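Keep the sequence and the 3D view open as you read.

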Amino acid sequence: MPTPTDDVMRTADGTPLKISLQRALVRSRLRALLLVLPLLAFVLVFFLFPIGHMLFRSVDNRIVGSVLPRTAVAIQDWDPDRAKLPDEAVFEALVRDIQAAFKDRTLGRVGRRLNYEKPGMSSLFRKSGRGAARITGAPYRDRMIAIDKRWGDSSTWRLIHRESGALTSAYFLAAADLKLSERGAIVRQPEPRRIYLTLFYRTLWMSGLITVLCLLLGYPVSYLLATLPLRISNLLMILVLLPFWTSLLVRTTAWIALLQTEGVLNDIMVFAGLLSEDGRLQMIHNKFGTVVAMVHILLPFMILPLYSVMKTIPPSLMRAARSLGATPFTAFVRVYMPNTVAGVGAGCIMVFILSIGYYITPALVGGRTGTFISNFIALHVGETLNWGLAAALGALLLGLVLALYLIYDRIVGVDNMKLG
Amino acid sequence: MPLPIYASPLERAWHYTYRVICAVIFVFLIGPIFVIIPLSFNELPYFTFTPEMLSLDPAGYSTKWYREFFTEASWQDAVWNSLVIAVFATLISTVLGTLAALGLSRSEMPFKTAFMALLISPMIVPLIISATGMYFFYALIGISSTHLGVILAHAALGTPFVLITVTATLAGFDHSLPQVAATLGANPVQTFFKVTMPLILPGVVSGALFAFITSFDEVVVVLFVGSVEQRTIPWKMFSGIREEIRPTILAVATLLVCVSILLLTTLELLRRRGERLRGVRAS
């Protein structure tokens, strides 16, 4: 090793101190990263990737291309504005595809997919599957039209032409009660199929109502808890924390027992003579039931952040306001309340975020009129099997939640999130 | 907030009205939970108080729903499944979450906020979206309708809670302590178990409790990822409420309330221990 002749500070082995420190920093960074890595990998593989994979279904349109591969290629040459129908080659491709798909039993999938866009397509493909199996040679076009005259209708072909690409906007449009017309313009769905905007609107306003009610109930309680002596407030806090820690299903069950027509509240009101035996109120399986049960379930999420903010407000502020001549009311509104804005914001956004994504309680007590977007996502995943639409609704819901979460992060900071 | 002697009658009236309002809200919070306890001893299969119960006639009460819970195989399976799934999910999320929290609380950690946002996401994303995502993907890799699948899903949902509680504990952590241990000749493993671990233990335990209750109480993901083989207590309750409503559900609910009282007590004791260790005196 050459003897260093410059003025650079060196460590014992002769490396310049600067470089040596840099290396140490890189090493400690790597060590820190290494600790985070297992969890990161775990969350990526078992949580984030599955969600991304599911959300991709909202634009994924490979069904037509994979079940009718020849047709999807051949139809690209057809210009719907020039010729009314595709030429003989496309019909031949279609016959071959239908024959193959009929044998593999995949034809139903394409029929179902196109049926979302145009009612009747499912039956058209079922019928054509049986018919095309008997077609052995030209003329393919006339024989297909003989099976079903809808093959002679250019709107059928325009639809196949449009949906033979790899990506589609149809699910997102459907989630916003829109669709593409035959000519490719965006138009509104026919009246009876416009349900999702109403649903989004209902989810938002019910969540808003739940948030406001939580704030109205949570604010006075938090104020009481924050101003009472710690010995008493700790005891009262148990009344907030016990519901918080109690199973969601237990609380939902409790509300069913209380609110149903043969339930405790109706019994009490009949007993007290407020209601007649036949006049029992329908308080569950509707909006009322959902709102009451969800306010109860989400109230602790409002009280806890409010309490932690109110706890930091010195009582001397109010006393100072009073001594300067403010009435108790003015002192409270002008001095105390502005200090709680951060807590109000945090609590409201938290409750709102949790509320718009809620599934279990609306599913159990919401009936037909008190259900949320989540319930329709579950419906499309589990029953109607319209996964693309479920994914599009999910993507819109997720976008909404993430936007609110960003605001929450601005107000509170994820790092300052407190639990229990 | 005692009432001053010089308070005007109006202030006095408001003072008491306010307390009554708060009492009503507290009743709203806690009442429903306590209503189910007497109902679970109903002799008849209804969710309502019978005249016999109201007249405190012993014949109106019975413990048969508890007997049904403790003897029926499907409920016992559900208890077993709930425990197995929650214990393993808690183990995974506690180990991974604690490690990550240790990494994230180091000052040299790069992209701290971005990592935190990603790792917290299981708590933010609406459950129905997580559940459907897992439903499709877990089926694809062949772990849907297995205990493993549900455990992994619940572990993912539980990690943010461990991460948050342990990070919060580490915020008050004196980072020179491990260095002191190192200068005194302890190797990193010894330092972790003898110095770091005892200090962050309350955070780890309360995080683990949160992860446990998250899994134990979770129903949406089990409904989608699991099958009858993985039915847990919440799953049984959910399908019970939807299909045939029986007071067995109320008996289970009562038992679960006891479990949450137990959990709450544990957490409170942990909090007090933490305060004592840090020398904070409860006033």
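## T261(A) and its surroundings

T261(A) counts as partly exposed because it has 14 C-beta neighbours inside 10 Å; buried would need 20 or more other C-beta atoms within 10 Å, exposed 12 or fewer, and partly exposed is in between, with C-beta atoms placed from the backbone. You will find T261(A) in the loop between α12 (248-259) and α13 (264-271) of chain A. Helices here are DSSP runs (H or I, at least four residues), numbered from the N terminus.

Leaving aside residues up to four places away in sequence, T261(A) touches N266(A), R280(A) and Q282(A); contact means C-beta atoms, placed from the backbone, within 7 Å.

## About the model

This is a predicted model, where local features need pLDDT of at least 70 and side-chain atom pairs count only at pLDDT 80 or more, while totals for chains, interfaces and linings use all residues. Residues are numbered from 1 along each chain as its sequence is written, with chains lettered from A and ligands numbered from 1 in the order in which they are written.

## Two domains

Chain A is assigned domain 1 (63-149 + 156-165) and domain 2 (196-416), with bounds from an automatic or database domain assignment. Their C-alpha centres lie 52 Å apart.

## A helix pair

In chain A, L317(A), M318(A), A321(A) and R322(A) of α15(A) meet A331(A), V335(A) and Y336(A) of α16(A). By class, this contact has 6 nonpolar, no polar and 1 charged residues; Ala, Val, Leu, Ile, Met, Phe, Trp, Tyr, Cys and Pro count as nonpolar, Asp, Glu, Lys and Arg as charged, and the others, Gly among them, as polar.

How values were computed:
Helix = DSSP H or I, 4+ residues; strand = E, 2+ residues; numbered from the N terminus. Contact = placed C-beta atoms within 7 Å.
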